[in-house]
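Please consult the sequence and structure shown below while reading.

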Amino acid sequence: VWLLPWLQTTAWAHTCQTETVEGEVWEYPYCAYLIDWSWVRKILEFMHFNIWFEGGVSVSDYIANAQATGGMAACYFWPCMYLYLPNRWVDSLGAYVSLIIFQVFFGLFLMNPVTSGLCMHLLVVVGIFCNAGLAHMFIMGFHLGRLPSWRARACKICRTGAILGFGGVIFTGMVCLTSSWIGANAPFFFWFCESLGL
């Protein structure tokens with residue numbers, strides 16, 4: 001995922017479409033997406049929130065074509081499963097359940113690109129994906145004392161990065177409902193949080 005901005009320059013990864021929001025043109029890397037479920041748009045308008053998600057570039061957009069999605073699946077599905085898999089030191093039903101939910105929604109993340117529907121992708125798939133990842137990281141954190149010290153240190157570093165990444169994605173998603181500041185001033189922040197979480 002860290003190579004996706006570079007792969008975009010070679011036309012291997014996808015980039016967002018140019019959109020005009022209230023007279024302002026948003027083009028790569030300043031990406032904007034219209035909230036595509038009309039009933040969600042009505043609720044957001046009623047609450048005086050944005051009906052455009054102006055969050056900048058994202059892993060979701062970079063992998064919204066066949067070769068990038070396939071590359072992401074090939075490079076990440078098994079390593080994520082292996083990295084997060086509870087092992088002989090962890091005997092926890094919660095760890096296995098949270099990992100299964102995480103992996104199922106990781107697969108749905110790959111199957112539901114942002115270009116086919118923002119609400120399904122962001123509100124349902126990514127929302128559950130990130131919350132399951134956070135839950136898994138917290139559950140696994142309770143078991144770090146059982147690991148050899150060198151392994152526990154490495155796990156704490158990876159766990160901290162994942163928590164910051166998943167939390168950053170959720171934070172950015174919430175902020176973008178009320179403000180376009182992140183998308184306009186830090187267009188790679190959302191992508192960075194996603195990459196850190198993965």
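Q: Which residues does L4 touch, not counting residues up to four places away in sequence?
A: The model is a predicted one. L4 is among the residues with the most contacts inside the largest nonpolar core. Leaving out residues up to four places away in sequence, its contacts are A13, V59, Y62, I63 and W191.

Q: Which element gives the largest share of the largest nonpolar core?
A: This core has 47 residues, and those with the most contacts inside it are L4, M72 and F109. Elements that give two or more residues to this core include α1 (4-9), α4 (66-84), α6 (118-141) and α9 (189-197). The largest share, 10 residues, comes from α6.

Q: How are the rings of W2 and W191 arranged?
A: A search of the whole structure finds 12 aromatic pairs. In the pair of W2 and W191, the ring centres are 5.6 Å apart and the planes lie at 80°. Planes over 60 degrees apart count as edge-to-face, so the arrangement of W2 and W191 is edge-to-face.

Q: How many residues apart in sequence are the parts that the pair of W2 and W191 ties together?
A: W2 belongs to the segment before α1, whereas W191 is in helix α9. The pair therefore ties together parts whose separation in sequence is 189 residues.

Q: Is W191 buried or exposed?
A: The cut-off for a buried residue is under 20% relative accessible area. W191 has a relative accessible area of 11%, so W191 is buried.

Q: What is the angle between the planes of F188 and W191?
A: F188 is partly exposed, with a relative accessible area of 32%. F188 and W191 form an aromatic pair with a centre-to-centre distance of 6.2 Å. The pair is edge-to-face, and the angle between the planes is 85°.

Q: Which element gives the most to the lining of the largest cavity?
A: The search of the whole structure finds two cavities of 30 Å³ or more, and about 70 Å³ of space lies in the largest cavity. F109, V126, F129, C130, F166, V169, E194, G197 and L198 line the largest cavity. The elements that give two or more residues to this lining are α6, α7 and α9. With three residues, the element that gives the most is α6.

Q: Which residues form one aromatic cluster with F109, F129 and F166?
A: F109, F129 and F166 are among the residues that line the largest cavity. They also belong to one aromatic cluster, whose other members are F102 and F106.

Q: What is omega of the peptide bond from Y28 to P29 near?
A: Most peptide bonds are trans. P29 is found in the loop between β2 (24-26) and β3 (33-34). The peptide bond from Y28 to P29 is cis, and its omega is near 5°.

Q: What is the relative accessible area of E22?
A: Phi of E22 is near 50°, a positive value in a residue other than glycine. E22 lies in the loop between β1 and β2. E22 is exposed, and its relative accessible area is 83%.

Technical notes: Residues numbered from 1 in each chain as written. Predicted model: local features only at pLDDT ≥ 70, side-chain atom pairs only at ≥ 80, totals over all residues. Heavy atoms only, no water. Core = buried A, V, L, I, M, F, W, Y, C linked by side-chain atoms within 4.5 Å. Buried < 20%, exposed > 50% of the residue type's maximum accessible area, 1.4 Å probe, protein only. Helix = DSSP H or I, 4+ residues; strand = E, 2+ residues; numbered from the N terminus. Contact = heavy atoms within 4.5 Å. 1 Å grid on protein atoms, 1.4 Å probe; cavity = no way out; pocket = protein on both sides within 12 Å on 5 of 7 lines; lining within 4 Å. Points joined across faces, edges and corners; volume = space filled by probe spheres on them. Phe/Tyr/Trp six-rings, centres within 6.5 Å; stacked < 30°, edge-to-face > 60°.
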